[in-house]
Amino acid sequence: MLWEYLAIFVVLLLLAYRWATANYSFFKDRGIDHHKPYPFVGSMWKMILRQKSMFDLIVELYNQSNSKVYGIFESRTPLLMIRDPELLKQITIKDFEHFVNHRNLFGVDNDDPHDMTNLFGSSLFSMRDARWKDMRSTLSPAFTGSKMRQMFQLMNVVANEAVQCLTRDQDQKDGFELDMKDYSTRFTNDVIASTAFGLQVNSFKDRQNTFYMSGKKMTDFNAWANFKFFLFTSFKKLFIFLKLSLFDVKSTNYFVRLVLDAMKYRQEHKIVRPDMINMLMEASGMIQTDKSVTIRDWSDRDIVAQCFVFFFAGFETSAVLMCFTAHELMENEDVQKRLYEEVEQVNKDLNGGELTYEALMGMKYMDQVVSEVLRKWPAAIAVDRECNKDITYVVDGMNVEIKKGDIVWLPTCGFHRDPKYFENPEKFDPERFSEENKDKIQPFTYYPFGLGPRNCIGSRFVLLEAKAVMYYLLRDYRIAPSKKSTIPLVLSSSGFQLKPKNGFWLKLVPRN
């Protein structure tokens with residue numbers, strides 16, 4: 001009996017091995033240079049075993065080859081890593097119609113418009129082909145320069161209040177420790193609450209408010225959340241069979257109810273607000289508008305999903321940019337000193353009054369600093385595209401065929417850390433983006449917000465938030481290392497999130 005069980009076990013193990021390695025000849029058959037994969041984990045074993053962060057692993061894989069196209073595996077899935085700027089240009093611009101979509105990771109499997117279990121699958125990020133183009137054109141007006149000018153007024157109020165709360169809460173003249181990640185997420189939370197959901201929230205005063213705590217639960221990728229994501233992407237049928245949810249169910253339901261109740265209330269009371277919900281309601285014909293609008297046939301899920309992903313992306317991406325900016329200023333005192341001089345000059349020009357949109361946009365060194373942070377620490381460490389029409393490129397005299405359904409990977413952090421494009425890439429040097437030097441950067445080697453028509457729609461929003469926060473922080477405080485600071489910065493190897501091992505701790509020393 002024991003031998004029979006052992007035989008069954010061996011057979012099952014062999015079948016599992018065969019299934020896991022079925023695609024591992026993908027690149028060899030096409031004559032493409034590639035990383036030798038390991039069964040079940042592909043090229044990502046160092047991240048799965050928590051030996052390296054996702055960021056460091058991508059840079060390592062990028063540097064393992066000199067080929068313009070290099071093959072890697074995400075579990076069983078082959079990915080064509082593109083390592084050449086000209087090829088990036090072809091894929092994201094010239095041949096965009098062949099690479100319109102992201103891969104269908106979060107695809108919605110049913111047509112029930114009231115099913116809110118997979119909001120990511122109905123979001124702008126996951127939408128495909130004509131649906132994506134339609135939603136993109138609808139949402140784009142929310143992120144124009146004129147809209148950013150309006151949104152900045154709100155950001156300014158929140159940024160000012162955030163610094164004032166620090167002053168009220170801390171009275172130590174020699175400085176105090178601050179968890180920059182907690183501080184940044186509270187700020188991004190309050191800004192998004194108003195600009196997307198029409199809510200007035202102060203997470204610095206009401207530290208346990210439902211909106212903030214729900215968002216924190218959804219964006220906290222602990223070990224269980226990482227495992228669920230791995231299961232979702234690699235064994236989707238098993239994930240569905242087990243009735244698991246990618247995000248915290250209670251928090252997701254809270255956001256769904258929030259948007260649906262807001263739409264109902266506005267429709268009944270004819271309330272108009274210059275925010276994302278209002279724009280989506282106009283486009284779907286739920287409220288009257290003077291504008292010439294093509295009415296879309298959208299479900300509740302489509303509308304809720306856009307607000308959901310705007311919160312999800314804005315909550316984390318903006319906060320990470322602020323955190324790394326503060327950390328680099330802490331480590332590079334000369335850069336911090338020069339940036340403070342610019343802040344001080346703007347403050348004098350404003351006679352100590354509120355920061356204006358025009359004044360912030362005119363801060364050239366601030367822009368250099370933030371641009372360099374995005375080079376060294378891009379939040380989107382890689383971007384993908386799915387081929388929807390066969391195409392062939394001639395690469396180093398060899399035909400490289402990319403077929404329908406193949407996935408191409410654009411390794412942002414690999415390019416940003418390549419000494420061929422950025423001399424001494426580990427060094428934090430805002431001068432790379434000075435008026436004299438920025439035109440020397442080779443096109444399609446710097447893309448913190450993606451490339452082509454499918455780039456990040458909210459990049460202006462993210463930049464405004466980060467710059468506003470840093471202006472007020474530097475105006476009132478000097479950023480110094482604390483006992484908990486990670487210096488030099490070593491990334492945490494647990495999970496997908498970009499963060500130091502010990503978190504973003506720093507010390508703020510009052511200037512007056």
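**Close-up views of a sheet and a helix pair**

**View 1. An open sheet of three strands, in the order β3-β9-β8, is joined by antiparallel pairing.** The model shown here is predicted. Its edge strands in this sheet are β3, residues 176-179, and β8, residues 477-480, each of which pairs on one side only. On average, and with direction ignored, neighbouring strands of the sheet are turned by 40° against each other. Strands of a sheet pair through backbone hydrogen bonds, either parallel or antiparallel.

**View 2. Strand β3 pairs with strand β9, residues 505-510, in the antiparallel sense.** Four bridges link β3 and β9, and within this part of the sheet leucine 178 stands opposite leucine 506, which belongs to β9.

**View 3. Helix α8, residues 180-195, packs with helix α9, residues 210-219.** The two helices meet at an angle of about 115°, their axes lying 10 Å apart, and the crossing of α8 and α9 is right-handed. From α8, the residues Asp182, Thr185, Arg186, Asn189 and Ala193 take part in the contact, and they meet Phe211, Tyr212 and Lys216 of α9.

How values were computed: Residues are numbered from 1 along each chain as its sequence is written. This is a predicted model: local features need pLDDT of at least 70, side-chain atom pairs count only at pLDDT 80 or more; totals for chains, interfaces and linings use all residues. Side-chain values use heavy atoms; hydrogens and water are left out. Axes are lines fitted to C-alpha atoms, for helices over the stretch in contact, and angles run from 0 to 180 degrees between N-to-C directions. A crossing is left-handed if the near helix is turned anticlockwise from the far one by less than a right angle, and right-handed if clockwise. Contact means heavy atoms within 4.5 Å. Two strands pair if DSSP finds at least two bridges between them.
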